[in-house]
Amino acid sequence: MSNSQHTVSHTTGLTRRNFLALMGLGAIATPLALTACGNSQASDAATTEAATTAAATDITGLHLTFVGDDAFAPFRSLQPQADGSQKLAGLDIDVVDEMAKRLGFAYTFEAQDFAATLASVQGSNDAFTMPMSANDERKQTFDFTRGYYQPLVGALSKGGNALESLDALKGKKLTCTTGTVQNKFITSALPDNEFTTFDGGDQCLQEVLAGRVDVYICDGAEGLAMQQANPETVLGLLPAEETDQYVSVYRIMAKKGAAFIPAFNKCVGEMIADGTMDQFIAKWTNESFVWGDKAAEAASAE
């Protein structure tokens with residue numbers, strides 16, 4: 001387990017006679033004055049709304065728990081250090097560290113298999129996880145930020161040609177991580193394929209390397225990291241038009257009603273808009289995965 005600090009006036013009614021008398025004295029406001037009063041009220045309302053928004057996004061000093069798999073490169077994984085220790089690093093760690101710096105909160109990372117993550121987040125007001133897609137089922141129980149990363153679906157196989165379409169996957173024996181969007185993708189898009197699921201991506205990779213399955217259906221960036229570490233493997237990226245209805249943008253997820261989500265949501269948008277998110281994505285993947293020309297849209301999209 002690692003720790004990171006990134007730690008009202010009273011008024012009376014007027015009779016018609018009194019009203020006319022006041023009009024004669026000029027005591028009733030002119031239309032211009034009424035307009036000015038209306039502007040003042042609107043300004044006060046805007047100020048109040050702004051103050052409320054600022055309060056909702058102030059999470060300075062909060063301590064949160066980031067729950068997730070610690071073997072999910074390039075999003076996060078344990079990397080050996082010169083002194084023999086291991087340090088958690090990856091795209092998601094860079095993103096959360098930057099958010100912690102900007103928002104003034106601290107967090108602890110708690111390593112868990114993906115299958116246990118949903119229950120852990122659901123049971124805590126101070127826990128979050130990422131990267132997660134927001135499907136209708138999950139939205140009933142969890143809150144999400146706007147998307148920070150647009151995934152591609154990867155098909156990791158051992159040798160041969162890269163598999164880059166649904167047609168190329170038909171008849172193949174597949175594997176994926178239990179409960180992921182890739183799991184739902186296989187079930188929906190390739191219902192006739194034989195497939196198995198495992199709690200972690202490393203287990204899926206070993207099934208491919210051992211020849212017990214043909215293809216690991218994975219997050220494209222995860223597949224890229226695995227391919228780079230295992231030259232005997234081949235990675236194909238499926239066309240977005242074949243996968244978009246199954247695999248949506250990745251977000252940060254927390255228990256429904258979690259108080260820190262508005263602050264997270266605002267910060268994610270700012271990091272996309274100012275280019276910070278693309279810098280992190282390019283660092284841990286490659287230019288094929290960055291927002292690029294879609295950054296302005298992504299920064300404002302919910």
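Two strands count as paired here if DSSP finds at least two bridges between them. I note that this is a predicted model.

**Entry: the whole chain.** I looked up the overall make-up. The protein chain has 13 helices and 14 strands. Of its 302 residues, 43% count as buried. The chain exposes about 15400 Å². Carbon and sulfur atoms supply 51% of that area.

Entry: I traced an open sheet of five strands in the order 11-10-12-9-13. Its pairing is mixed. Strand 11 (195–198) and strand 13 (233–237) stand at the edges. Each has a single partner strand, so one side of each lacks a neighbour in the sheet.

**Entry: strands 10 and 12.** I checked this pair inside the sheet. Strand 10 (residues 174–177) and strand 12 (residues 215–219) run parallel, joined by two bridges. Leu174 stands opposite Val215 of strand 12.

**Entry: helix 7.** I asked what helix 7 (residues 181–189) lies across. I found strand 9 (153–158), strand 10, strand 11 and strand 12. Helix 7 runs at about 145° to strand 10.

**Entry: Glu222.** I placed Glu222 in helix 9 (residues 220–229). Glu222 is buried, yet I found no salt bridge for it. A salt bridge needs the charged atoms within 4 Å. I then listed the contacts of Glu222, leaving aside neighbours within four places in sequence. They are Phe72, Ala73, Pro74, Phe75, Gly201 and Tyr216.

Key:
Residues are numbered from 1 along each chain as its sequence is written. This is a predicted model: local features need pLDDT of at least 70, side-chain atom pairs count only at pLDDT 80 or more; totals for chains, interfaces and linings use all residues. Side-chain values use heavy atoms; hydrogens and water are left out. Helices (H or I, at least four residues) and strands (E, at least two) are DSSP runs, numbered from the N terminus. Buried means under 20% relative accessible area, exposed over 50%, partly exposed in between (1.4 Å probe, protein chains only). Accessible areas come from the Shrake-Rupley method with a 1.4 Å probe; for residues, only the protein chains shown count as cover. Lys and Arg count as positive and Asp and Glu as negative; His and the chain ends are not counted. A salt bridge is a side-chain nitrogen of Lys or Arg within 4 Å of a carboxyl oxygen of Asp or Glu. Contact means heavy atoms within 4.5 Å. Axes are lines fitted to C-alpha atoms, for helices over the stretch in contact, and angles run from 0 to 180 degrees between N-to-C directions.
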